[in-house]
Amino acid sequence: TREEARQRQRENLASAITRLEALAATQSARDAANRRDDPGAASSAAVSNAATQAQLARLRQLQPNGRIALELNPQDRTLATLPDLPLEHGDRIIVPPRPGFVTVAGAVVNSNAFLWKPERTVGDYLRIAGVDESAEVDNTFILRADGTVLSGQDRRGVFGFGGGLQSASLYPGD
């Protein structure tokens, strides 16, 4: 973690909240202008506005952590494989214990942590968890233990083929 990264994250979060507040205000004004004495539309707009305000309140509660994803390969075992990142005063390097599980969450029947096995793929873990009928499998993503994200959109390959995310390997803690 690095204080400079935490400060940048704080600024980016504040900027995002400001943009979302402006979008919400614009949408609210547009809804009010389009409403024609329809009590149902007013009720619907109020519910939508309340949901938006609740999301903004949750965003305001977020505390940046200053984490820098080092994008390490889980198979690497030596210090020589660490990225060439100059250290600054106050930096903290934390090496957590290697977890023995993979967490599957979202539109699945059994949102849970499952034992990590090296031969299992994303598709295997989704089968174990049971994909919910409302799931949009094309929107699946992997949140790696190092903080990086691999999206199904990134893995389509040429003309939408290439195995997709279903065939991707997972690492402990993903």
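My entries follow, from the whole chain down to single residues.

**Entry 1: confidence.** I am working with a predicted model. I looked up the pLDDT before anything else. The protein chain averages 85, and 90% of the residues score at least 70. I marked residues 157-162, where the pLDDT is below 50. Beyond near neighbours in sequence, I find three contacts for that stretch in the model.

**Entry 2: layout.** I went through the secondary structure next. I get three helices and four strands in the protein chain. In sequence order the pattern reads α-α-β-β-α-β-β.

**Entry 3: surface.** How much of the protein chain counts as buried? I find 19% of its 174 residues in that class. The accessible surface comes to about 12500 Å². Carbon and sulfur atoms hold 55% of that area.

**Entry 4: helix H1.** I checked the length of H1, residues 3-34. At 1.5 Å a residue, its 32 residues should span 46 Å. I get 46 Å between the end C-alpha atoms, so the two agree. Which residues of H1 are buried? They are Ala 5, Leu 13, Ile 17 and Ala 24. I noted the spacing rule for an α-helix beside this: with 3.6 residues a turn, residues three or four places apart point the same way. Leu 13 and Ile 17 are both on my buried list for H1.

**Entry 5: Ser 28.** Ser 28 is also in H1. Is Ser 28 buried or partly exposed? Its relative accessibility is 34%, so I class Ser 28 as partly exposed. I then looked for its distance to Ser 48, which is 20 residues away along the chain. Their C-alpha atoms are 9.0 Å apart.

**Entry 6: the core.** I turned to the largest nonpolar core, which has 13 residues. Val 104, Val 122, Tyr 125, Ile 142 and Leu 170 touch the most other members. Strand S1 (101-104) and helix H3 (122-129) each give at least two residues to this core. H3 has the largest share, with four.

**Entry 7: Leu 170.** I listed the contacts of this core residue, leaving out neighbours within four places in sequence. Leu 170 touches Val 102, Trp 116, Arg 120, Thr 121, Val 122, Tyr 125, Ile 142 and Arg 144. Val 122, Tyr 125 and Ile 142 were already in my notes as core members. Arg 144 gets its own entry.

**Entry 8: Arg 144.** I place Arg 144 in the loop between strand S3 (141-143) and strand S4 (149-151). Why does Arg 144 count as buried? Its relative accessibility is 14%, and the cut-off for buried is under 20%. What does its side chain pair with? I find a polar contact of 2.5 Å to the side chain of Asp 174. With neighbours within four places left aside, Arg 144 is in contact with Leu 150, Ser 169, Leu 170, Tyr 171 and Asp 174.

**Entry 9: Gly 130.** I finished in the loop between H3 and S3, where Gly 130 is found. Gly 130 has 19% relative accessibility, so I class this glycine as buried. Leaving out neighbours within four places in sequence, I list Val 108, Val 109 and Asn 110 as its contacts. Gly 130 and Val 108 are 22 residues apart in sequence, yet I get 5.4 Å from C-alpha to C-alpha.

Key. Residues are numbered from 1 along each chain as its sequence is written. This is a predicted model: local features need pLDDT of at least 70, side-chain atom pairs count only at pLDDT 80 or more; totals for chains, interfaces and linings use all residues. Side-chain values use heavy atoms; hydrogens and water are left out. Buried means under 20% relative accessible area, exposed over 50%, partly exposed in between (1.4 Å probe, protein chains only). Accessible areas come from the Shrake-Rupley method with a 1.4 Å probe; for residues, only the protein chains shown count as cover. A nonpolar core is a set of buried Ala, Val, Leu, Ile, Met, Phe, Trp, Tyr and Cys residues joined through side-chain atoms within 4.5 Å. Contact means heavy atoms within 4.5 Å. The expected span of a helix is 1.5 Å times one less than its number of residues. pLDDT is the predictor's confidence in each residue, from 0 to 100. A polar contact is a pair of N or O atoms within 3.5 Å; within protein, one must be able to donate a hydrogen and the other to accept it, and residues adjacent in sequence count only if both atoms are side-chain atoms.
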